[in-house]
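Please read the points in order, with the model open alongside.

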Amino acid sequence: MSMKQERNRYFAATVGTALFAGIYECFSHQVYSLFMILAFLLPLLGGVLPYSILIRAKKHSSPGVLSRCLYASGIAALTTGSLFQGILEIYGTTSHLSKYYWIAGCVFPVIALLVNLIEQKRSFLR
């Protein structure tokens, strides 16, 4: 998959998240959550912006499939965690399970970066 297609997928995720949050907020009986309102920023700033920069820079070696999948999993975990936390706040409850979304969302991009560095080092040595 090209980097433009990847960027477009993140843009679709941004729009979908914003629509979901907007519709959910309409039916929340005037109870709002910043986690829900700002959830669209995660795929926007974590996906659309970095891939737009990579496309603009015209980098010769794009990230590999494994590092892209790990990175996407991290952004998905953060977005889902934000929506989940927003739903819990609107409902008026808490859950200890929500912290695992944030942990996974931070760990996966770090692993993706390490995998990308290893892949680039291997391709440089060839």
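1. Helix 4 has 27 residues, and the distance from its first C-alpha to its last is 38 Å, close to the 39 Å expected at 1.5 Å a residue. The expected span is 1.5 Å times one less than the number of residues. Helices here are DSSP runs of H or I with at least four residues, strands are runs of E with at least two, and both are numbered from the N terminus. Just after helix 4, Gly92 has a positive phi of about 90 degrees.

2. On the source: this is a predicted model, in which local features need pLDDT of at least 70 and side-chain atom pairs count only at pLDDT 80 or more, while totals for chains, interfaces and linings use all residues. Residues are numbered from 1 along each chain as its sequence is written, and side-chain values use heavy atoms, with hydrogens and water left out.

3. The protein chain contains 5 helices and 0 strands. Read from the N terminus, its elements run α-α-α-α-α. The C-alpha trace spans about 60 × 30 × 15 Å along its principal axes.

4. Of the 126 residues in the protein chain, 32% count as buried. Buried means under 20% relative accessible area, exposed means over 50%, and partly exposed lies in between (1.4 Å probe, protein chains only). The accessible surface of the chain comes to about 8,300 Å², and 70% of that belongs to carbon and sulfur atoms. Accessible areas come from the Shrake-Rupley method with a 1.4 Å probe, and for residues only the protein chains shown count as cover.

5. Contact is taken as heavy atoms within 4.5 Å. Among contacts in the protein chain between residues at least 6 apart in sequence, 78% join residues at least 24 apart.

6. Helix 1 covers residues 3-26; its 24 residues reach 35 Å from first C-alpha to last, close to the 34 Å expected at 1.5 Å a residue. Which residues of helix 1 are buried? They are Met3, Glu6, Tyr10, Thr14, Thr17, Ala21 and Glu25. An α-helix has 3.6 residues a turn, so residues three or four places apart point the same way. The cover over the buried residues of helix 1 includes helix 2 (34-37), helix 3 (41-57) and helix 4.

7. How many salt bridges does a search of the whole structure find? The search finds 1 salt bridge, the term meaning a side-chain nitrogen of Lys or Arg within 4 Å of a carboxyl oxygen of Asp or Glu. The side chains of Arg68 and Glu6 form a salt bridge at 3.9 Å, N to O. Arg68 lies in helix 4 and Glu6 in helix 1, so the pair ties together parts that are 62 residues apart in sequence. Both Arg68 and Glu6 are buried.

8. His29 is exposed, with a relative accessible area of 72%, and Gln30 is exposed at 62%.

9. Ser33 sits in the loop between helix 1 and helix 2. Is Ser33 buried or exposed? Ser33 is buried, with a relative accessible area of 2%. Leaving aside neighbours within four places in sequence, Ser33 is in contact with Glu25, Gly86, Glu89 and Ile90.

10. Glu89, one of those contacts of Ser33, is placed in helix 4. Glu89 is partly exposed, with a relative accessible area of 34%. Not counting residues up to four places away in sequence, Glu89 touches Val31, Ser33, Leu34 and Phe35. Glu89 and Met36 are 53 residues apart in sequence and 8.9 Å apart in space, C-alpha to C-alpha.

11. Leu97 is found in the loop between helix 4 (65-91) and helix 5 (98-125). Leu97 is partly exposed, with a relative accessible area of 45%.
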